[in-house]
Amino acid sequence: MNKPAQIISILILSVNVLAGCGKQETTGASTNETVPTTSESVVKEGTTQSAALQSLDEIKWNEVKDPLIEDAMITKLKAAIAAFVSKDLDQFHTALGPNVGTGHDYLLDHPVKFTGIAEAVNENDRILIPVVGERLNKQEGYTPDIRYTFYFAKGKDGAWQIVSID
């Protein structure tokens with residue numbers, strides 16, 4: 001064989017050997033380990049993620065006893081807090097009033113553990129409900145305590161709506 005043919009043969013042989021190394025299969029008979037199926041892994045991961053998200057809402061909703069806060073307001077507030085925790089933008093928009101828009105979307109970028117509801121305030125036909133918590137990212141110059149005030153106003157239909165967050 002001439003020299004170029006030898007080089008080509010060696011290259012082809014090398015490529016075949018390397019390709020074979022990448023396709024090694026293992027049999028399940030050699031080990032006694034059980035490997036969870038994909039659906040089991042997803043369920044376990046989803047449960048862990050759900051538990052972690054729930055731990056970010058530590059508000060004792062059944063203990064909110066403020067004469068200014070009605071049940072319909074708590075329902076809207078729970079939905080908004082759940083959207084914060086899960087970072088679900090669609091759920092967040094659904095919880096807010098129809099005319100709020102997307103101006104508050106940036107709030108979901110800042111992780112917060114919500115811990116309670118402060119005393120509500122009546123201000124010019126609006127009810128302001130402060131929700132307190134802890135900021136989870138401790139950047140320089142930031143305090144870990146945070147307070148978001150949810151502004152509620154009655155819509156044309158007479159139902160309470162979240163019209164702003166400060």
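Why is strand S4 largely enclosed by the rest of the structure?

1. Seven of the ten residues of S4 (residues 145–154) are buried, so the strand is largely enclosed by the rest of the structure. Buried means under 20% relative accessible area, with a 1.4 Å probe and protein chains only. Strands are DSSP runs of E, at least two residues, and helices are runs of H or I, at least four residues, numbered from the N terminus.

2. A word on the model. It is predicted: local features need pLDDT of at least 70, side-chain atom pairs count only at pLDDT 80 or more, and totals for chains, interfaces and linings use all residues. Residues are numbered from 1 along each chain as its sequence is written, and side-chain values use heavy atoms, leaving out hydrogens and water.

3. S4 pairs with strand S3 (residues 126–135) in the antiparallel sense, over nine bridges. Two strands pair if DSSP finds at least two bridges between them. Asp 145 in S4 stands opposite Glu 134.

4. S4 is also joined to strand S5 (residues 160–165), by five antiparallel bridges. Tyr 151 has Ser 164 of S5 as its bridge partner. Five residues lie between S4 and S5 in this hairpin. In the turn, Gly 158 has a positive phi of about 85°.

5. Now the largest nonpolar core. It has 32 residues, and those touching the most other members include Tyr 148, Phe 150 and Phe 152. Such a core is a set of buried Ala, Val, Leu, Ile, Met, Phe, Trp, Tyr and Cys residues joined through side-chain atoms within 4.5 Å. Helix H3 (71–86) gives the most to this core, with eight residues.

Notes. Buried < 20%, exposed > 50% of the residue type's maximum accessible area, 1.4 Å probe, protein only.
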